[in-house]
Amino acid sequence: MKTLLIKDCMILTMVEGEKPFLGDIWIVDGRIAKIGPSLEEEADRVILAKNRVAMPGLINTHNHASMSLLRAFSDDLKLMDWLDKKMLPAEARMTREDVYWGTTLGIAEMIASGTTAFADMYVHMDAVAQAVLDSGIRASLTRGMVFLEDDGERRMAEALDLIDNWTGAGDGRITTMLGPHAPYTCPPKPLQGVIELAHKRQIPLHIHLAETIEEGEKIRARYNQTPTEYLHELGMFHDTHVLLAHAVHLNESDVALLRGMRGGVAHNPVSNLKLGCGIAPVRELIEAGVTVGMGTDGAGSATTLDMFAEIKAATWMQKLKHGDPTVLPAESALRMATIESAKLLAIDHEVGTLEVGKRADLILIDLDKPHLQPVHDILALLAYSATGADVDTTIVNGEILMHQRQFQTLQWEEIKREATTRASRLVEGL
Ligand SMILES: N[C@@H](CCSC[C@H]1O[C@@H](n2cnc3c(=O)[nH]cnc32)[C@H](O)[C@@H]1O)C(=O)O
Ligand SMILES: [Zn+2]
């Protein structure tokens, strides 16, 4: 039996209706065994957490972690130019080892900013899975599939290899999805094949949707439909859990088509702002009963994987869009980044709130800082003032991945060295 006791922290469980309270958390074999005031249980290790808030780890529902190697290499471009002229040529040079180190760099940033689980869509996914395994973080992994050339079968085979070989690995830390990349890169025939397979084997789907106006125009010209109608007509929303990344350009009837869907939308506000994409109809989606979680997208576009930046951007954008500061209050934004995101990854029975029986995926945030005092309202402080740099400790499955801002499972100097040399090779001459 392995035990960990966290003492004297302000606990924010994110369970609906529960207020923050002072107390302790006892973790046994990776799960929360007790939460409450003055616990006296024996433990192999005790963390004294005075002036710290304990909350569920943040869950990043849309990422391409390996693209951290391409951070700040190409910015201030339109999405399609950025993708076609910069990212795809650099990605064409990426080896399996590059993906391992790029993902590890991304994971290091996530652990350091309080993210305990992420969804990733990329290539060389066995290298991504290995990086997840080695670092101790939790992830939902997807082999992104573009079906514009005639080697779709190889892509499908790789996607299924990932699912067959890695689902459940790392004591259940790794889950998997099928990932057709986007409506504009997946024609009807192969996309329908993926959807049918997902139905048959009950595998969740992860896809980009309606990120830009240009995407809408392309799909209109090809199929005389909106991107959402295109997916809907192919049967994507019938009975499969679907993770939709972005969903910025949805009209009223698109939102209605998503009503009752399984899964939901990964909102990526910083990426959407930076690429000038637009403001997703978050309020309308939530009103239609669609689950909305949060993600960053890859650091190649977003530049940062700090989920606290997403929390702020999400609430600011909705307030601005509706001209109403009461829209998406602090607590709702924090829920989107925790339990709602857990629902999108279909892991909400295990993580997303601090509750007895759940896996111990949690973070400690240091409040002993000028920008986090005085403590009138912890939810408002966390949503509107905290940043990833305020995270002191990150725990996944009961294992400490960062403590007092020191990595416990990762070797930072090695990551930095590998990332720097590999990144400069990838972009040379581009
Ligand atoms: N190129 C792969 C598909 C990889 S999936 C992940 C892809 O998503 C791309 N990507 C990253 N961010 C975005 C975004 O915001 N919108 C659309 N695609 C993106 C990324 O560059 C990467 O190529 C194939 O041959 O099948
Ligand atoms: Zn993306």
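# Exercises on a predicted model

A72 sits in the loop between strand 6 (58–63) and helix 1 (79–92). Helices (H or I, at least four residues) and strands (E, at least two) are DSSP runs, numbered from the N terminus. This is a predicted model: local features need pLDDT of at least 70, side-chain atom pairs count only at pLDDT 80 or more, and totals for chains, interfaces and linings use all residues. Residues are numbered from 1 along each chain as its sequence is written, chains are lettered from A and ligands numbered from 1 in the order in which they are written, and side-chain values use heavy atoms, leaving out hydrogens and water.

## Exercise 1: backbone

Task: Describe the backbone at A72, N51 and P374.

Solution. 
- Start with the general rule. Most residues other than glycine have a negative phi, and most peptide bonds are trans.
- Take A72. Its phi is near 60°, a positive value. A72 is exposed, at 54% relative accessible area. Exposed means over 50%, buried under 20%, and partly exposed in between (1.4 Å probe, protein chains only).
- Take N51. Its phi is positive too, near 65°. N51 lies between strand 4 (45–48) and strand 5 (52–56), in a loop. It is partly exposed, at 45%.
- Take P374. A cis peptide bond joins it to Q373, with omega about -10°.

## Exercise 2: the zinc site

Task: Which protein atoms are donors of the zinc ion (ligand 2), and what is the geometry of the site?

Solution. 
- List the donors: H62 (NE2), H64 (NE2), H208 (NE2) and D297 (OD), lying 2.1 to 2.4 Å from the ion. Donors are N, O and S atoms within 2.8 Å of the metal (3.2 Å for Na, K and Ca); water is not among the atoms, so sites may look incomplete.
- Check the angles. They run from 82 to 172° among the 4 donor atoms, and the site is irregular. Four donors are tetrahedral if all angles lie between 85 and 135 degrees; four are square planar and six octahedral if opposite donors are over 155 degrees apart and all others between 65 and 115; anything else is irregular.
- Read the spacing: H-x1-H-x143-H-x88-D.
- H64 is in the loop between strand 6 and helix 1, and D297 in the loop between strand 13 (291–294) and helix 12 (299–302), so the pair ties together parts 233 residues apart in sequence.
- Check burial. H64 is buried at 7%. D297 is buried at 5%.
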